[in-house]
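Let's take a walk through this model together, one piece at a time.

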Amino acid sequence: MILDGKVPSGRIEEKWDKHRFEMKLVSPANKRKYKILIVGTGLAGASAAASLAELGYNVEVFTYHDSPRRAHSIAAQGGINAAKNYPNDGDSIWRLFYDTVKGGDFRAREANVYRLAQVSNNIIDQCVAQGVPFAREYSGYLANRSFGGAQLSRTFYARGQTGQQLLLGAYSAMMRQVGLKKIILHTRTEMLDLVVIDGVARGIVTRNLLNGKIESFVGDAVVLATGGYSNVFFLSTNAQACNVTATYRAYKRGAFFANPAFTQIHPTCIPQSGEHQSKLTLMSESLRNDGRVWVPKNPGDKRDPRDIPEDERDYFLERMYPSYGNLAPRDIASRAAKRVCDEGRGVGPTGNGVYLDFADAIKRLGKKVIEERYGNLFEMYERITGDNPYETPMRIYPAPHYTMGGLWVDYNLMSNLPGLHVIGEANFSDHGANRLGASALMQGLADGYFILPYTIGHYFATTKLEKVTTDHPEFKKVEKEVEERIKKIMSINGKKTPTQFHRELGKIMWNYCGMSRNEQGLKTALELVPKLREEFWQNLTMVGEEGDLNIVLEKALRVADFLEFAELMLWDALERNESCGGHFREEHQYPDGEAKRDDENFCHVAAWEFTGVGNKPIRHIEPLVFEYVPLTVRSYK
Amino acid sequence: MGFFSYLRSSILSKIVMAITGAILVLYVIVHTAGNLLIYFGKDTLNSYSAFLHSLGPILWIIRVVLILSAILHIITSIKLKFENWGAKPTKYAVKKYLKAKFSSRTMIWTGLMVLCFVVYHLLHFTFRTTNPQHYYPEFYQPHNAVSSVILERFDVYRMVVLGFKNPLISLVYIVGVIIVGFHLDHAIQSMFQTLGYNQKHYFPTIQKCSTGLAIIIVICLISIPISILLGLVGGGI
Amino acid sequence: MKITLHIWRQKNSNDKGHFETYHLDNVIEDMSFLEMLDVLNEKLVAEGKEPVAFDHDCREGICGACSLTINGIPHGPEKNTTTCQLHMRKFKDGDEIWVEPFRARAFPVIKDLIVDRSAFDRIIQAGGFISVNTGQAPEANSILVPKQNADNAMDAAQCIGCGACVAACPNGAAMLFVAAKVSHFAYLPQGQPERKRRVLAMVEQMQKEGFGNCSNFYECGAACPKGISVRFIALMNRDYLKASYSEEKLEFAEKE
């Protein structure tokens, strides 16, 4: 099937304005007749919930956390992009659009990206009005800094906690509506399935994590804002609870999953120290503004980094990408780091690490300035590793961080299932095959504050919805399926814990579908994953009760979905027989190791349709047309 | 509830604690300074005392303000304490304090002990019920008198000296004053914090001054019974 | 490293709860405290026993989900560090560690080390926001914020809502949490129109939730993993006093 992204006609600068005018409206009096279910309370979910409730819709919000403020958006450190051009360095909506399309290696929908760049400025306005304490100059004006993948300073930031401050802004806007009784908030409630009635998404089935109660909720639209699936790698920079269940369940109910193989590996994470490790910690990309990345020139050089003389160091990013240097985009920087480590020049006990050195910056700017800029990050590094980065270079290594893939949505952020809207990292739309730094916050908030509130109204105004309640047989059927699945998991009487399965799955995925992939490896993984999944259903050990707070059961349910989802990801990686952005197929590279796209055959979105567990899903495509940013080889040299 | 409706508010209660506390602290400072006049001899102290008595209605206003402050301070503190106990029904099996000093954690107890001490102090020196035998009048000739008029006034000096010559009474006073010191150590800086005067630049100084002032008051006050016991003051009586 | 753990186990809110002792032999210095508990839990699950339930998520010290009172200090002995960022190299071989939930009446225990901190969410609902609808915002640079004020606001806004302040306070008071939010907005021009209403509403809710009063122990600031200063409590006291005798107070009282 050829999918239609429903991109409005007209010149790209006018598409969104024209579309906004053409969309049908719901009158204020009618808005309160609609109920919207929003799953997830990160930047996208919270901002959408607040904005929709302000408009007058009835909103119910679901989070598996104890508080909506715990969502993992909170961990974003570096900043948020906007095309304000305050520094007068040549930025514009057009340039942000161009950078994002190019940064995404030409695998995103042009019109979506342009709209994202357009609303980026409104986001900054909105956040400032909410009281987000962005960094300021002495004059009181907003401060900007540069970030990976851009040659100008367009990033707004609040120390190293931009994600936290933006999330708290959206969270407080949402809590205001909870206080006004416009939003019903369900905490410690995990969505376990989607209910589709006559082809239309009408509700969800959840599990109350405190008492195991399975409940149904009905709505006129369902919004998934459930984030990404980097935890399929077990070790990633995502939070412990981040999982694929909500989007994967929607996929199993008929929503298409787009580009699942597009995962981003972040270059600046603290390297793994041992088997016990539960997660990888990201060090903000902003560190690359002042830090210089290097490895010893000679393989196996085990000297103290401070004793290695200048001429025996290889500042490989500066050497390979002279114009962007240490600020090369994430996928490029990550692969470069992998390449030098594969050459045996990696540092640290595992050999999987490169230095990020601040000695020059400290010499140039003084320790005080560096402390002001990165103090909290340096402290965090020291806490985790026990090394002091003011004295000795940091060690960093790439780690899974963000997933560009997600549920397929059209220009209105609605999936192929009418009524099912997907926003933020959970959808696939704006970042193509690679996301630029400081763009995730921008996209999450753009979707929630400024896009979904318009498009969802259009959906209501143009759709006749039957009145249904949770007594509908379809709800009962899904509830029963969920209950049976839980019973089945509880009854497996095996030996291995859910975490063990998760760790094994992660290893398979990292080895065969990680930073670089090849046909043979992917085929191997396609054999290993179903085997592991089979073992899971035979040999899982389970404790506790299903009707109680049961952390093992929670984990097992998430791992069970990862085990199915992993296969989908492998299929996508295998079928996309080209390299682009974060998806690097070893068969397709230029002699210097850069990714080689195949625009003739793969200039499209691959959206997968579920056909049964273990079966190969059906691959649909949405062709991508680049009218405004000509397809070029992405070069950062 | 009228005036006492402030008790419903956590922060207003604290502010009442701080303001009444401030009044009491000021009184303690003035009282300490007055007591030190003992070192200037019998005449100075006794004429200071006579001066205070001569204030008449003003003295009574001061007394009423002090009594009201003390009552509000006590009522409010007890109400706060009960609420605080209620807010932490289960104690930690292991608890390590990071900042809270011994003096901070014992405010309610030092406070109640100070109350007992003040009651005793009033019975002893103001109502003169515990040791009425120390009460003597003094006959003196005013400095500015034109003729040899002899006037009568209360001999505070003699009363204090006779009282503190009793080691037991001195001990009660020394212990009582040290307890007051502990109470003040926390109280003075706490007052500034509660009333909203805490800024990174000067608050550490306020905290040090709080302890310093408490120590000075304690030293000044206990120096009197010690000096009397050692015979340095009031040897002639 | 060998570590002996005394961990609070409590089946549910009605259970009385008790300590249970566990011995771990292969604790590695590079482990975080929670990874050490992961190892314990894996062991327990493999033995068919219920693992120790504790809240955690981001494991990088920002989500505020992790809690635990470790050897009598919320988030353990290291200054300005959440439990998830506390590493075992801060302990010695053979150490005995007492692990308890955050204790306060307003934070009832749900299970083992998990407590209910939803009171914080309700305090934010009461007034921890600036009432601006999406779309109302003026151009960002039309609101100037002196750098000093922005820095002060950020110092306060760093609060992660973990509840360590309440856990550390002998009175179970939430003053630092409330003060951090009140001060965050008090330092910004955007926060001025609602300044008085906000402090009245948030303090009112704080009291309704059953938190204790402030005794100026300053335990909260010392235990705060983000190092939020108690000077914000002073600021809140001042704001509250001003608000208590303002027109906003009369209006607020009527609404109540």
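Predicted model: local features only at pLDDT ≥ 70, side-chain atom pairs only at ≥ 80, totals over all residues.

Together with two others they make an open sheet of four strands in chain A, in the order E17-E11-E19-E20, with antiparallel pairing. Strand E17 (406–407) and strand E20 (618–623) are the edge strands, and each has a single partner, so one side of each is left without a neighbour in the sheet. A helix rests on this sheet as well: H16(A) packs on it and touches E11, strand E19 (604–609) and E20 of chain A. The direction of H16(A) makes about 145 degrees with that of E19(A).

Now turn to another sheet of chain A. Here three strands form an open sheet in the order E7-E8-E9, again with antiparallel pairing. E7 and E9 of chain A stand at the edges with a single partner strand each, so one side of each has no neighbour in the sheet. On average, neighbouring strands of this sheet are turned by 30 degrees against each other, direction ignored. E7(A) and E8(A) pair over eight bridges in the antiparallel sense, and A:Asp193 stands opposite A:Val205 in E8(A). Which helix packs on this sheet? The helix is H13(A), which touches E7, E8 and E9 of chain A, and its direction makes about 140 degrees with that of E7(A).

With 19 residues (473–491), H13 reaches 27 Å from its first C-alpha to its last, close to the 27 Å expected at 1.5 Å a residue. Its buried residues are A:Phe475, A:Val478, A:Glu479, A:Val482, A:Arg485, A:Ile486, A:Ile489 and A:Met490. Why do these residues lie on the same side of H13(A)? They cover an arc of only 140 degrees around the axis, and this puts them on the same side of the helix. The face turned away from that buried side carries the exposed residues A:Pro473, A:Lys480 and A:Ser491. The partners of the buried residues include strand E7 (189–197), strand E8 (200–208) and strand E9 (214–218) of chain A. They also pack against helix H7 (245–252), helix H15 (519–539) and helix H16 (551–575) of chain A.

Side chains of opposite charge can pair when their charged atoms come close. Over all chains, the count comes to 84 salt bridges. One network of salt bridges links A:Asp193, A:Arg249, A:Arg253, A:Glu474, A:Lys477, A:Glu481, A:Arg485 and A:Asp561.

A:Arg107 forms a salt bridge with A:Glu578, with the closest N and O atoms 2.9 Å apart. A:Arg107 lies in the loop between helix H4 (93–103) and helix H5 (110–130), while A:Glu578 lies in the loop between H16 and helix H17 (599–602), so the pair ties together parts of chain A that are 471 residues apart in sequence. A:Arg107 is buried, with a relative accessible area of 1%, and A:Glu578 is buried too, at 0%. A:Arg107 also forms a salt bridge with A:Asp599, where the closest N and O atoms are 2.9 Å apart. That pair links the loop between H4 and H5 to helix H17 of chain A, 492 residues apart. Is A:Asp599 buried or partly exposed? A:Asp599 is partly exposed, with a relative accessible area of 25%.

One further pair joins two helices. A:Glu567 forms a salt bridge with A:Arg533, the closest N and O atoms being 2.5 Å apart. A:Glu567 is in helix H16 and A:Arg533 in helix H15 of chain A, so the pair ties together parts that are 34 residues apart in sequence. A:Glu567 is buried, with a relative accessible area of 6%, and A:Arg533 is buried, at 8%.

Finally, zoom out to the other chains. Of the two pairs of chains that touch, chains A and C have the most contacts. Chain A and chain B do not touch, and their nearest C-alpha atoms are 18 Å apart. Chain B has eight helices and two strands, and 42% of its 237 residues count as buried.

How values were computed:
Residues numbered from 1 in each chain as written. Chains lettered and ligands numbered in written order. Heavy atoms only, no water. Expected span 1.5 Å × (residues − 1). Buried < 20%, exposed > 50% of the residue type's maximum accessible area, 1.4 Å probe, protein only. Arc of directions from axis to C-beta. Contact = heavy atoms within 4.5 Å. Salt bridge = Lys/Arg side-chain N within 4 Å of Asp/Glu carboxyl O. Pairing = 2+ DSSP bridges. Axes fitted to C-alpha atoms, helices over the stretch in contact; angles between N-to-C directions.
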